[in-house]
Amino acid sequence: MDPRREHELLLTRRQLFGRTALGVGTAALHTLLRGAGIGGGLMAADQIFAAMGGQTGPRGKAKPGLPGIPHFAPKAKRVIYLFMNGGPSQIDLWDYKPKLDEKFDSDLPEEIRRGQRLTTMTSGQTRFPIAPSRYKFQRHDNNADGVWVSELLPHTATVVKELCVIRSMWTDAINHDPAVTFIQTGSQLPGRPSMGAWVSYGLGSENEDLPTYVVLHAKVSSGKVDQALYNRLWGTGFLPSEYQGVSLRSAGDPVLYLNDPHGMDRGTRREMLDDVARLNQKQLDHFGDPEIAARIAQYEMAYRLQTSVPELMDLSKESEDTIALYGDDAKTPGTFAANCLLARRLAERGVRFIQIWHRGWDQHGNLTGDLPMQCKDVDQACAGLIKDLKNRGLLDDTLVVWGGEFGRTVYCQGALTRENYGRDHHPRCYTMWMAGGGVKPGITYGHTDDFCYNIVDKDGAIINPTEDELTPGAVHIHDLNATILNQLGIDHTKLTYRYQGRDFRITDVHGHVVRDLLA
């Protein structure tokens, strides 16, 4: 076959329709905008809000997102998501249950368990003995509505006035991979875009010299990182790949191959990239494949990262007072504390979505040996991040989110003693917190029963949130994601992407904004 003819046949039916629709749609949009007066001096409300949400960052110029987004005035410009992978024990950290102590080693009542799913790790147990927390709790903020915090989090306790603690989170998944995939992408099955990718796609960048979405991985003191993490958790699914999270390494060069090879100077590198860009542009003009455009953008981003990342990673100009907020671990690259400090620097430089992953929270056994080490890794750094953001005037427009994929059971997995125990996965109620970005500070939201096993209403009656998505007090992960997007000025029902004949969104066909959490 003539190679020119073969090349022409590579134009797919989808690309043909996509290119045709683009031309017609552009013409129609131009006509509509002229009819509305946009472009002739009159600015629409959604354009005003978009300008508010896309101001130029400290470095580089902004790259706009989708037209008309933000949909309304945003409270937050960026998100810092502190993800505790494995499922932190809400009973030992946030959800104080003093009455459990007298029920030590008694069986969990059937009217409390209510036939809920069990994992295969405990479904074969003949008993489900209650394991009260061995840790002391204290109410902070000195009033009846103060937040109860475990002794394992003394530094976090100092910033409870800034926290919105949600004790009534729940999810549908009971095992790690589907649960983490669910909260990150809105689906238990792999293949959907991550939350950060959706934000990057919708809002665009405040700083073209850095990625819109950055992922950091923290070292774990306990050394137990049983749960694997996959690139798809910060990937784009069916969105163009330019919106995926850029993962900075915790050891060695933060980005591989960042430095030019020996013998190549910046000018030569620039000429090479320009030549490659011209070739890619020819392919893009011919095929209209958005992945070619993404490839061009990624090459350009890599070139700019050669300058922006070394400056970003240089902590020498941080004051000793700032380092002290995060603790001595902040001086060690790859620690959770160092990553929290780096997250603040990324926020200052206009990065929209910053995610720190800290693994090792899956305490099926030896909880009292491992959980204190996990908390020591993150406690001071979380508090330091909140204080640092507030000191710099960034907390008001930065939404900080802390939590994992599910909680832990009140009953013990394996051997139970007063000194030690393990806990299995529990999806029906657990705790997360948010701070800044327009959420109510210094509150707890939602209630659980005396066994920390079910969400209850204000009168203490057990409710089943699976029967009604709008159950007051219960916060599904779809609701959490809808609320996060709301604070960024995004209507979660309108941020969609058509794929395989269907409009997809991060909340699927569910989710509602939890207005009671908002200031």
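1. The model is a predicted one: local features need pLDDT of at least 70, side-chain atom pairs count only at pLDDT 80 or more, and totals for chains, interfaces and linings use all residues. Numbering runs from 1 along each chain as its sequence is written, and side-chain values use heavy atoms, with hydrogens and water left out.

2. Where does L488 lie? It is in the loop between α13 (477–487) and β18 (497–499). Helices (H or I, at least four residues) and strands (E, at least two) are DSSP runs, numbered from the N terminus. Setting aside residues up to four places away in sequence, L488 touches P70, P74, A76, K77, R78, V79, V199 and L203. A contact means heavy atoms within 4.5 Å. K77 is 411 residues from L488 along the chain, yet their C-alpha atoms are separated by 6.0 Å.

3. R78, one of the residues touched by L488, belongs to strand β2 (residues 78–84). Seven of the seven residues in β2 are buried. In a regular strand, side chains alternate between the two faces of the sheet. Both faces of β2 are covered: R78, I80, L82 and M84 are buried on one side, and V79, Y81 and F83 on the other.

4. β2 has parallel partners. Six bridges join β2 to β10 (residues 398–403), and six join β2 to β9 (residues 353–358). Two strands pair if DSSP finds at least two bridges between them. R78 stands opposite T398 in β10. The bridge partner of F83 in β9 is W357.

5. Helix α6 (residues 176–185) is also mostly covered, with eight of its ten residues buried. Those residues are H176, A179, V180, T181, F182, I183, Q184 and T185. After α6 comes G186, with a positive phi near 85°.

6. Is D370 buried or exposed? It is buried, because its relative accessible area is 6%. D370 sits in helix α12 (residues 367–391). Beyond its neighbours within four places in sequence, D370 contacts K224, Q363 and G365.

7. The largest pocket holds about 900 Å³ of space. Of its 38 lining residues, the closest to the centre are E242, V246, A297, Q298 and M301. On a 1 Å grid over the protein atoms alone, a pocket is an open set of points with protein on both sides within 12 Å along at least five of seven lines, and lining residues have an atom within 4 Å of a point. The volume is the space filled by probe spheres set on the points.

8. Which element gives the largest share of the lining of the largest pocket? α9 does, with nine residues. At least two residues each come from β1 (63–64), α7 (195–203), β6 (204–205), β8 (246–248) and α9 (290–313). Domain 1 (3–65 + 265–307) and domain 2 (78–251 + 333–517) each give at least three lining residues; these bounds come from an automatic or database domain assignment. By class, the lining has 19 nonpolar, 13 polar and six charged residues.

9. For the whole chain, the secondary structure comes to 13 helices and 19 strands. Buried residues make up 51% of the 519 residues. Of the contacts with a separation of 6 or more, 78% are between residues 24 or more positions apart.

Definitions and conventions
1 Å grid on protein atoms, 1.4 Å probe; cavity = no way out; pocket = protein on both sides within 12 Å on 5 of 7 lines; lining within 4 Å. Nonpolar A, V, L, I, M, F, W, Y, C, P; charged D, E, K, R; others polar. Buried < 20%, exposed > 50% of the residue type's maximum accessible area, 1.4 Å probe, protein only.
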